Amino acid sequence: TPSDWFQQKWVEWQKALQQWHAKHGEYKASVAKKEAAKAAKKAAAAAKEAAKKEAAAKESEEKKEGDAAPMDEDKEEKAEKKDEEKEEKKEEEEEEDKMEVEEEPPKVTLTAEEKKIVFFKSVTPDLTSYTLSTSLAQFTLPEKDDGFDDIKYEWSKTNSKAQEYLKTWISDKKLTTRVEDLTPSDWFQQKWVEWQKALQQWHAKHGEYKASVAKKEAAKA
């Protein structure tokens, strides 16, 4: 059976629950009252706004009826003024066009240094570094044997200078370009195997030496 303490706490809980329900009911009633007041206020404002718009529309119609004739005259005056402005603007544009035709275009002159530049150096490279490094050794100039009827070198006039330029360019690039497709040769592979064998022998001899030293130290002790 429930103890006296439990009975006491149960009674207190029942009272507290009733009070909570009462307060909750009061809160719900106040919220409903506020919502109803808001809705009524909103409806009144909407009705007032509608009446205001209706009155404004009526007043505007009456004003239009009274000002119809003067407005037509104003439209005609505005149209005439607009045509005059168009004519003036057209005349101004024609005069500007005449002035532009009469003016001589500016002449562009190159400096001595600019005339020496044969190839334009772009900030963005034509090839990626990988493509350049893997294709560098394959760069050549076209020959007639490739099927060309005629080959002209506008900047050097002769094939020999072009070949010399390409050779120099490739040599310079080889000094600064990373070789991506480099593979060890057979000679290197052979020497590498010999080195591995020699290294193993050295390790073995070093181990024997350390063992003999340790044995001597143990004998002395």
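Visitor: Which residues of α5 are exposed?

Guide: Exposed means over 50% relative accessible area, buried under 20%, and partly exposed in between (1.4 Å probe, protein chains only). In α5, Ser160, Glu164, Lys167, Leu175 and Thr176 are exposed. This is a predicted model, where local features need pLDDT of at least 70, side-chain atom pairs count only at pLDDT 80 or more, and totals for chains, interfaces and linings use all residues. Residues are numbered from 1 along each chain as its sequence is written, and side-chain values use heavy atoms, without hydrogens and water.

Visitor: And which residues of α5 are buried?

Guide: Those include Ala162, Leu166 and Ile170. They sit on the same side of α5, because their arc around the axis is only 70 degrees (taken from the directions from the helix axis to the C-beta atoms). The exposed residues I named are on the other side of α5.

Visitor: What span should α5 have?

Guide: The expected span is 1.5 Å times one less than the number of residues. For the 18 residues of α5 that gives 26 Å, and the end C-alpha atoms are 26 Å apart, so the two agree.

Visitor: Where does Thr177 lie?

Guide: Thr177 is in the loop between α5 (159-176) and α6 (186-220); helices here are DSSP runs of H or I with at least four residues, numbered from the N terminus.

Visitor: Why does Thr177 count as buried?

Guide: Because its relative accessibility is 19%. The Thr177 side chain also reaches back to the backbone oxygen of Lys173, at 2.6 Å.

Technical notes
Helices (H or I, at least four residues) and strands (E, at least two) are DSSP runs, numbered from the N terminus. A polar contact is a pair of N or O atoms within 3.5 Å; within protein, one must be able to donate a hydrogen and the other to accept it, and residues adjacent in sequence count only if both atoms are side-chain atoms.
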